[in-house]
Amino acid sequence: MLSPAIQAEQEGMAEASFENMSRIYQMGGSEVRALDGVSISFARGSFWAILGASGSGKSTMLNLLGCLDRPTSGRYLLRGDDVSQLDDDRLSEIRLRSIGFIFQSFNLLPQSTVAENIALPLYYQGWEPVKSAERARELATRVGLQDRLAHRPSELSGGQQQRVAIARAMANDPAILLADEPTGNLDSATGLEIMQLLRELNSQGKTIIMVTHEADIAAFASHRLYMKDGRIERQEG
Amino acid sequence: MLIHAKHLREIQLGVKNLRQHKLRSALTMLGMVFGVGSVIAMLAVGEGASKEALEQIRRLGSNNIIISAQKPLEEQSQQTTRTFMSIYGLLYADELRIAESFPHVLRTVPVKIFRKAGRLGERSMDLRLLGTTPGWFELVKRPLVAGRALNPFDLQNSANTVVMTEHGARRLLAAENSIGQTLTLGGDAFEVVGIVRSDGGQGTGLQAPDQQIDAYIPINVAKARFGDITTQVSSGSRSRELVELHQIIAEVDAIDNVEATAAGIEVMLRRFHKKLDYSVAVPLALLRQAEATKRTFNIVLGSIAGISLLVGGIGIMNIMLASVTERTREIGIRRAIGAKRKQIITQFLIETMVLSTTGGLIGIAIGLLIPWLITLAAGMPTLVTPLSLILSLGISMAVGIIFGLYPAVRAASLDPIEALRHE
Ligand SMILES: Nc1ncnc2c1ncn2[C@@H]1O[C@H](COP(=O)(O)OP(=O)(O)OP(=O)(O)O)[C@@H](O)[C@H]1O
Ligand SMILES: [Mg+2]
């Protein structure tokens, strides 16, 4: 156990921290402990890789971190605020202002252009169309897609689509970038390019928490978290 | 209004989403289009017809009682032998009795209808004539087009004067300058003194007796010159009829006395007529009846409208539910990015409202076009009331809200994590 003083100091620096967090699914008579009493603190500006077998609770943890889900019990402090028991509207507001999601399958709107996809969070933040188009172009430039703004996702390669998704995740300048197997659908060379982009964002100060199966992808992170049966098996870095 | 300026972006988004599925959106709207279109068209036809009917009845005068000669049923079916003559109808004495025994009757006007060969200048025609008194032109309002109507002196002097209707004037190729000319009727010379407007109406239960009448002459002249017997030749057989009067119009002093007086006249006629060779009609009663019919018509129309809009609404709901399922992943993405439930509801609701309102507007255009075409092609009167337009637009918007709400709420209540996992 850490002394209260050290814990407080850590919390002060923590981007996000779990205190005895559990997520339990009731399946008929039995219960599935997707996350089973996890306590951990993610420091500001750190880059984490979460590893573990399939079904070990990695996605569950990421969804809780991203306020897409609520814990069955425990406390979740996001920049010091307890957000574990907020209602749906408040959680949506936090996702809108402080979270950026990157998914394995990109999850872009197929009918919208690259620019519109990147600007989607700005639409919900109520930005002026002209300003948000400007910001979308800026973000597209950051991920090297400034000349693809009017394209639809289906006209882009997987790597390019994931870059659009990263640009969209960065649009609201989030506190944390959460990525669930961001390279899972990409070949290894493209995956490495995406990782370089993420490392660059991390070096600019963004906290990144990423789920992955692959050791060479996890090697990009400064910290590694190994999950097993809903618990933390061990921690590196 | 429901739509604020801040919803403009949502409307743009809705229009954009709908344009991505042009065919499907168009098909979805069809129900609304035809629902609204047919409702407006039907209302316009109904409104036009009933307005025409009411107008016509009103023109007969709501203070008037109209007593008509009626050929008894048994004589209508009888094979007419060469010598047979049917005697029926109203009597000159009936008019006197009505005028004298009912205190509320202000005046009476007799009507006698017959055919005679007529000639004006070079032109000869078989004419339908109406013998009456000057009171006719006041009781059954027939505006003057030229010259004058019959006047009391014509009657006093048994003058051979004739007033043509526009209808008759057209047939005889007469115009304003025909006034003063001689119209020969059955061999007698009559002076044309005026032209009055015809009653153009048709299709009501009660018709003025001067439908397709060519000209009016004083009744005493008609009686003296042409007698009471008419001979009709139809499909080879000749039938002869003796009818003194074809109609008597009685003007009553006040609307409240009309129905009681009509009942009294009926009782009196029954006493003097052995056969049922007359009928008593009250335009006021017909007016009420026509109004009641119109109300029924509107209720029936309203039900049809309701059903067609319901069908249109269910069509929209069906498509929107399918759309929600199809776009589950999109909903998940929007929620993950931070869209609130309310914003998802608004998005889908606005889409259905754009669909239904656009459908409604197109329906209104069609609903305006169809009555116009009907009037153009069939000459039927139609009337599109502003109320029917406002009502249908309002209803189509309401249909969008009512039938869009459930799919929208379903979309918003999806769990974002599961929605994202959806294929
Ligand atoms: N909605 C749900 N209902 C019931 N059980 C669930 C639900 N979501 C997750 N689980 C269970 O929770 C456990 C953890 O799931 P989770 O998705 O976090 O695993 P994961 O580590 O991400 O696995 P993978 O590497 O396959 O993505 C699993 O046993 C899973 O079956
Ligand atoms: Mg997972």
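A residue counts as part of the shell around a molecule if one of its heavy atoms lies within 4 Å of it. The model discussed here is a predicted one.

Q: Which element gives the most to the shell around ligand 1, and what makes a residue count there?
A: A residue counts because at least one of its heavy atoms lies within 4 Å of the molecule. H2(A) gives the most to the shell around ligand 1, with three residues. Helix H2 (58–65) of chain A is listed with strand S1 (14–27) and strand S2 (30–43) of chain A, each of which supplies at least two residues of that shell.

Q: How many residues surround ligand 1, and how do they divide by class?
A: There are 14 residues around ligand 1, and the closest are A:Ser54, A:Gly55, A:Lys58, A:Ser59 and A:Thr60. By class, the shell around ligand 1 has seven polar, five nonpolar and two charged residues.

Q: What makes the approach of A:Thr60 to ligand 1 a polar contact?
A: The cut-off for a pair of N or O atoms is 3.5 Å. A polar side-chain atom of A:Thr60 lies 2.5 Å from an oxygen atom of ligand 1, so the pair is within that cut-off. A polar backbone atom of A:Ser56 is 3.3 Å from an oxygen atom of ligand 1, and a polar side-chain atom of A:Tyr25 lies 3.5 Å from a nitrogen atom of the ligand. As for cover, the protein takes up 70% of the 630 Å² of accessible area that ligand 1 has on its own.

Q: Why is the pair A:Asp88 and B:Arg341 called a salt bridge?
A: The criterion asks for a side-chain nitrogen of Lys or Arg within 4 Å of a carboxyl oxygen of Asp or Glu. The rule finds four salt bridges across the interface of chain B and chain A.

Q: Which helices of chain B supply at least two residues each of the side that touches chain A?
A: They are helix H1 (8–20), helix H11 (328–337), helix H12 (341–378) and helix H14 (416–421) of chain B. H11(B) gives the most to that side, with seven residues. Divided by class, the side of chain B that touches chain A has nine charged, eight nonpolar and five polar residues.

Q: How many residues of each chain are in contact, and what area do the two chains bury?
A: In chain B, 22 residues are in contact with 25 residues of chain A. The two chains bury about 2200 Å² between them, with 53% of it on carbon and sulfur atoms.

Q: What makes B:Glu47 and B:Lys294 a salt bridge, and where in chain B do the two residues lie?
A: Their closest N and O atoms are 3.2 Å apart, which is within the 4 Å cut-off, and so the pair qualifies. The bridge links distant parts of the chain, with B:Glu47 in helix H2 (residues 22–60) and B:Lys294 in helix H10 (residues 283–326) of chain B, 247 residues apart. Over all chains, the structure holds 33 salt bridges.

Definitions and conventions: Residues are numbered from 1 along each chain as its sequence is written. Chains are lettered from A and ligands numbered from 1 in the order in which they are written. This is a predicted model: local features need pLDDT of at least 70, side-chain atom pairs count only at pLDDT 80 or more; totals for chains, interfaces and linings use all residues. Side-chain values use heavy atoms; hydrogens and water are left out. Contact means heavy atoms within 4.5 Å. Buried area is the accessible area (1.4 Å probe) that two parts lose on being put together, summed over both. Helices (H or I, at least four residues) and strands (E, at least two) are DSSP runs, numbered from the N terminus. Ala, Val, Leu, Ile, Met, Phe, Trp, Tyr, Cys and Pro count as nonpolar, Asp, Glu, Lys and Arg as charged, and the others, Gly among them, as polar. A polar contact is a pair of N or O atoms within 3.5 Å; within protein, one must be able to donate a hydrogen and the other to accept it, and residues adjacent in sequence count only if both atoms are side-chain atoms. Accessible areas come from the Shrake-Rupley method with a 1.4 Å probe; for residues, only the protein chains shown count as cover.
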